[in-house]
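Please read them with the model open.

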Amino acid sequence: MAGRFSLLEEELSCPVCTEIFTDPVVLKCSHSFCKACLQKCWEQKGSLECPVCRRKSSIDHPPRNLSLKNTCEAFLKERSQRATAGSEELCSLHSEKLKLFCLVDQIPICLVCQTSRKHENHKLLPVQEAAEKYKDKLRTALAPLQKKLKAFNKVKLTAEHIKSQAQHTERQIKMEFEKLQQFLKDEEAARIAALREEEEQKSQMMKEKIEKMTEQISSLSEQIRAIEQELGAEDVSFLQSYKDTVKRAQCTLQDPEKVSGALVDVAKHLGNLKYRVWEKMLGTVQYTPVTLDPNTAHPDLSCLRI
């Protein structure tokens, strides 16, 4: 009975996941697979071929295998009922409970099998004792597998940590450069403000001087025009008024004062500008000769700097 049950379970198992079919679909080559398993195989291979016989499929959404689905559901229901009932497996030859385990043939047997020629002189153990013995062996064999799985998961976590670490580091780099950029913006604004202030002061000074010279300029202009008219007069007329014209040509105005420092001090604003800004920036930056490596330092110290 157990053998029949095992064969049926094998027939109802998906060739890909080796589990009982879930939502089975059938291909034209008559092979059936779990719908999710088949789609995963096709995605990995990049082609619509049967995972068993490699025959190409002309449709990417194969029909569901309803009869197989119903059979699987019935099998699972029966297996669940058997497990719930706690029924013991029976010997397929004698329909007796399997209470012994043959260490030679490595199979459970009943008390009748114990007296048969097939198991004559074979070493036997009670099923419970044999199960505990082999479970201990299996636990021992399982330990290195669990250790290896832990190692693989650790490597996988390292790969995931690399991405997280890179993103965190990128954010820190951007923050540092934003500080530098803000420093340069503030410095630019301060220096432009100083230039505007000097421009305003010197423009106001020149405005006041020009207002004082406006009348003198007007008088000189009128005097020059009158003399130019005399120069264009007839000779007799010119000679008759020459004495008066000569007197008018004499300038009694003092020369305008030289305006010292009237122009913008360009050298003050541009001289070694980049060096002076760099020197000022250097005063705001803290130099740390030793930075602990967060990859190797103790977690409590990884953020500290010496």
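1. In what order do the three strands of the open sheet stand, and is the pairing parallel or antiparallel? The order is 4-3-5, and the pairing is antiparallel. Two strands count as paired if DSSP finds at least two bridges between them. Strand 4 (107-109) and strand 5 (124-126) are the edge strands, each pairing on one side only. Direction ignored, neighbouring strands of this sheet are turned by 35° against each other on average.

2. A word on the source. This is a predicted model: local features need pLDDT of at least 70, side-chain atom pairs count only at pLDDT 80 or more, and totals for chains, interfaces and linings use all residues. Residues are numbered from 1 along each chain as its sequence is written, and side-chain values use heavy atoms, with hydrogens and water left out.

3. Overall make-up. The protein has nine helices and five strands. Helices (H or I, at least four residues) and strands (E, at least two) are DSSP runs, numbered from the N terminus. Along the sequence the pattern reads α-β-β-α-α-β-β-α-β-α-α-α-α-α. Of the 306 residues, 17% count as buried; buried means under 20% relative accessible area, exposed over 50%, partly exposed in between (1.4 Å probe, protein chains only). Among contacts with a separation of 6 or more, 41% come from residues 24 or more positions apart. Contact means heavy atoms within 4.5 Å.

4. Back to the sheet. Strand 3 (residues 100-102) pairs with strand 5 in the antiparallel sense over three bridges. C102 stands opposite L124 in strand 5. Helix 5 packs on the sheet and touches strand 3 and strand 5. The direction of helix 5 makes about 95° with that of strand 5. Axes here are lines fitted to C-alpha atoms, for helices over the stretch in contact, and angles run from 0 to 180 degrees between N-to-C directions.

5. Helix 5 with helix 7. Helix 5 (residues 127-231) and helix 7 (residues 242-249) pack at about 150°, with axes 10 Å apart. The two are therefore roughly antiparallel. The cut-offs: under 35 degrees is roughly parallel, over 145 roughly antiparallel, 65 to 115 roughly perpendicular, and the rest oblique. The crossing is left-handed, that is, the near helix is turned anticlockwise from the far one by less than a right angle; clockwise would be right-handed. Q223, A226, I227 and E230 of helix 5 meet T245, R248 and A249 of helix 7. These contact residues divide into three nonpolar, two polar and two charged. Ala, Val, Leu, Ile, Met, Phe, Trp, Tyr, Cys and Pro count as nonpolar, Asp, Glu, Lys and Arg as charged, and the others, Gly among them, as polar.

6. Helix 5 with helix 9. Helix 9 (residues 273-284) packs on helix 5 at about 130°, with axes 11 Å apart. This pair is therefore oblique, and the crossing is right-handed. From helix 5 come L180, F183, L184, E187 and R191; from helix 9, L273, R276, V277, K280, M281 and T284. The tally for this contact is six nonpolar, one polar and four charged.

7. Backbone points to check. D23 is not a glycine, yet has a positive phi of about 50°. D23 sits in the loop between helix 1 (2-11) and strand 1 (24-26), and is partly exposed at 28% relative accessible area. N272, also not a glycine, has a positive phi near 50°. N272 lies in the loop between helix 8 (266-270) and helix 9, and counts as exposed at 58% relative accessibility.
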